[in-house]
Amino acid sequence: YNGGTTSFHTLWAGVPFVPMTGKTEIERVGQGILSNVNLARDLTAHSQEHYVRIAVELASQPAKLAEWRSTMREKLQASPVMAFKARTRELEAAYRDMYTRYCANRDLH
């Protein structure tokens with residue numbers, strides 16, 4: 001397991017993180033979070049050696065880290081994961097659809 005709420009907090013603070021990808025959904029949470037800000041390709045490691053290589057590269061680029069710190073919050077706010085109103089509307093529509101189908105099926109019995 002490689003992140004969740006703490007990964008979002010890390011990005012909100014402007015700090016990148018390096019997850020390792022895995023086979024199961026829970027092992028790919030970090031990669032999924034980074035995909036929302038278009039960083040999954042650059043920061044997701046596919047092996048332990050790759051993980052170290054990414055981390056060393058990040059540590060050797062203080063200017064890039066400073067840029068990320070100053071822009072990451074905006075990127076996160078503009079990402080699909082922060083589209084709360086749209087996601088709420090989709091959820092409400094799903095509830096209406098489920099209720100409509102429930103009522104239609106109830107009338108059949």
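Among the elements of the chain, which has the lowest mean pLDDT and which the highest? Helix α6 (residues 84-108) has the lowest mean, 91, whereas α4 has the highest, 96, where pLDDT is the predictor's confidence in each residue on a scale from 0 to 100. The structure is a predicted model, in which local features need a pLDDT of at least 70 and side-chain atom pairs count only at pLDDT 80 or more, while totals for chains, interfaces and linings use all residues. Residues are numbered from 1 along each chain as its sequence is written, and side-chain values use heavy atoms, with hydrogens and water left out. Over the chain the average pLDDT is 92, and 96% of the residues score at least 70. Where pLDDT is low, the predicted coordinates should not be read in detail. Helices, numbered from the N terminus, are DSSP runs of H or I of at least four residues.

The loop between α2 (29-35) and α3 contains leucine 39, and asparagine 38 lies in that loop between α2 and α3 as well. Leucine 39 counts as buried because its relative accessibility is 5%, the classes being buried under 20% relative accessible area, exposed over 50% and partly exposed in between, with a 1.4 Å probe and protein chains only. Asparagine 38, by contrast, is exposed, with a relative accessible area of 69%, and has a positive phi of about 55° although it is not a glycine. When residues up to four places away in sequence are not counted, leucine 39 touches Leu34, Thr44, Trp68 and Met72, contact meaning heavy atoms within 4.5 Å. The C-alpha atoms of leucine 39 and glycine 14, which are 25 residues apart along the chain, are separated by 13 Å.

Threonine 44 is found in the loop between α3 (40-43) and α4, and is classed as buried because its relative accessible area is 1%. A polar atom of the threonine 44 side chain lies 2.8 Å from the backbone oxygen of alanine 40. The residues that threonine 44 touches, leaving aside those up to four places away in sequence, are Pro19, Thr21, Gln31, Leu34, Leu39, His50 and Ile54. In helix α1 (residues 5-12) lies serine 7, which is likewise buried, with a relative accessible area of 5%; under the same exclusion of residues up to four places away, serine 7 touches Asn2, Phe17 and Ile33.

Valine 56 is found in helix α4 (residues 48-59) and is exposed, with a relative accessible area of 52%.

A search of the whole structure finds one salt bridge, defined as a side-chain nitrogen of Lys or Arg within 4 Å of a carboxyl oxygen of Asp or Glu. Here the side chains of aspartate 97 and arginine 101 meet at 3.0 Å, N to O. Side chains of opposite charge can pair when their charged atoms come close. Both aspartate 97 and arginine 101 lie in helix α6, four residues apart, about one turn of the helix. Aspartate 97 is partly exposed, with a relative accessible area of 39%, and arginine 101 is partly exposed at 47%.

Technical notes:
Helix = DSSP H or I, 4+ residues; strand = E, 2+ residues; numbered from the N terminus. Polar contact = N/O pair within 3.5 Å; in protein donor to acceptor, adjacent residues only side chain to side chain.
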